[in-house]
Amino acid sequence: MYCLFVLRNDKSGCFGGRALISLWALLLCSGIGALAQSAAPPLNANAPFSIRATHVLGLPNTKNNCNGMLSIQNNALRFQKCGNPDAQVNIASVRALFLGEESKQVGGLPMKLGKAAAPYGGGRVVSLFAHKKYDTLTLDYVDSDGGVHGAIFEVTKGQGELVRNELVARGVSSSSGEDQATKQSTSEVTHEDK
Amino acid sequence: MKTSRRNSWTFCVAASVTIAVALSGRLAGQTAAVKPSGGSSGSGTQWSLQVERIDPGHLDLAHSFQVAIYENLLEELNKTKRFKSVLREGDSKASEIPDLLILKTTVVKYTPGSETQRAVTTVSGATKLTVRSQLVTREGRIVLESTVNGNVHFFGSNLRATHNLARNIAKAIKQSAWQESERLARCAPVNSDCGRHTSLAS
């Protein structure tokens, strides 16, 4: 009986030890993870950065609503459409940067026609699900004459933050208040004339 | 029999082609005749225009909308060919231009919409913008004041409202008689509101 008790005690002691070791290992792993996160290297100001984007409007000699690559290289923000010469803005000339959020219907004209042709209002049901959220990146910059320009880009949701971080790391001042998302609202805001 | 039918068919085709060519030539002539009169608008001086950035007033208008209105305005005003040059805010060349007007735009009403809501319901979710536009001289005299709307009701993204708005503002400026009033005001200087026009454009 005594022997059995001792044996049991030994076993529980062994089990407790294992539990302690596992707990310690878990803590160690999470600690290392936290350290790795906090010790993440800062954004390299010279490393090239490139993402897919849609130029909505604003860049000189670039068509509106065209897709291409938005990149940051050598202190210049470049937008290049495949095969076309790229449009670029000197990062030093960027005065302000605003990040916003929008939602739009996907599929373009073919989808629109398909939805219109669908019987029994089926197109409306499709519209309910065929929309996508994306980030809008709005830049205010000045040209060589001092004239104010604005440019708007659409990027995949979540990537707007990356572009902003990259530009901020290169010295662009981001606006304190984020660009307000134009969310669906039925309320009407009115500013009466004075 | 067959040959005569063929001949008549050929004749018809030839006649219609001739008529089409003649009409197109006449239309082209009309366009060419109209074009030069639109350029100078009858007045001696041709003004330049400086577009100021959009004033959102007290409204929560997204910055992308402000920029889109500003850029679309510049594009649409350039298209009107009414002004000698259309300059941006802050452009250093503006100080060298003697006949300069400044376009001030203030947002007075904004209803945010939703493209999805428009696609699903058709009748709701419209994006509506109303702005007050003022053409002001360097001395601060208002030569034209108008309230203009820009909406998107059915198709297109929310930003399309800014394009429609800019087009309506350009149209309102083009159709107004501000140049005549400005010329009269120059001839007989009176109070500051002498050349003021108020128009409503939808």
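**View 1. Chain A comprises four helices and eight strands.** Helices (H or I, at least four residues) and strands (E, at least two) are DSSP runs, numbered from the N terminus. The model is predicted: local features require pLDDT of at least 70 and side-chain atom pairs count only at pLDDT 80 or more, while totals for chains, interfaces and linings use all residues. Residues are numbered from 1 along each chain as its sequence is written, and chains are lettered from A and ligands numbered from 1 in the order in which they are written. Read from the N terminus, the elements of chain A follow the order α-β-β-β-β-β-α-α-β-β-α-β. Of the 194 residues in chain A, 21% are buried, that is, have 20 or more other C-beta atoms, placed from the backbone, within 10 Å of their own C-beta atom.

**View 2. An open sheet of seven strands in chain A has the order β4-β3-β2-β1-β7-β6-β5.** The pairing is antiparallel; strands count as paired if DSSP finds at least two bridges between them. β4 (87-90) and β5 (94-105) of chain A are the edge strands, each pairing on one side only. From one strand to the next, the twist averages 30°.

**View 3. β1 (residues 49-57) and β7 (residues 148-156) of chain A form an antiparallel pair over four bridges.** Ala53(A) has Val155(A) as its bridge partner in β7(A). On this sheet packs α2(B), which touches β1, β5, β6 (131-142) and β7 of chain A. The direction of α2(B) makes about 130° with that of β7(A), where axes are lines fitted to C-alpha atoms, for helices over the stretch in contact, and angles run from 0 to 180 degrees between N-to-C directions.

**View 4. The contact between the chains takes 34 residues from chain A and 35 residues from chain B.** Two residues are in contact if their C-beta atoms, placed from the backbone, lie within 7 Å. In chain B, α2 (63-80), β2 (86-88), β3 (100-111) and α3 (115-121) each supply at least two residues of the side that touches chain A. α2(B) gives the most to that side, with six residues.

**View 5. The largest nonpolar core has 61 residues.** Such a core is a set of buried Ala, Val, Leu, Ile, Met, Phe, Trp, Tyr and Cys residues joined through C-beta atoms within 7 Å. Phe153(A), Leu49(B), Val51(B), Ile69(B), Leu73(B), Leu165(B) and Ile169(B) have the most contacts inside the core. α2(B) contributes the largest share of this core, eight residues. Beyond its neighbours within four places in sequence, Leu49(B) is in contact with Leu77(B), Phe83(B), Val86(B), Leu87(B), Leu101(B) and Leu103(B).

How values were computed
A residue is buried if 20 or more other C-beta atoms lie within 10 Å of its own, exposed if 12 or fewer, and partly exposed in between; C-beta atoms are placed from the backbone.
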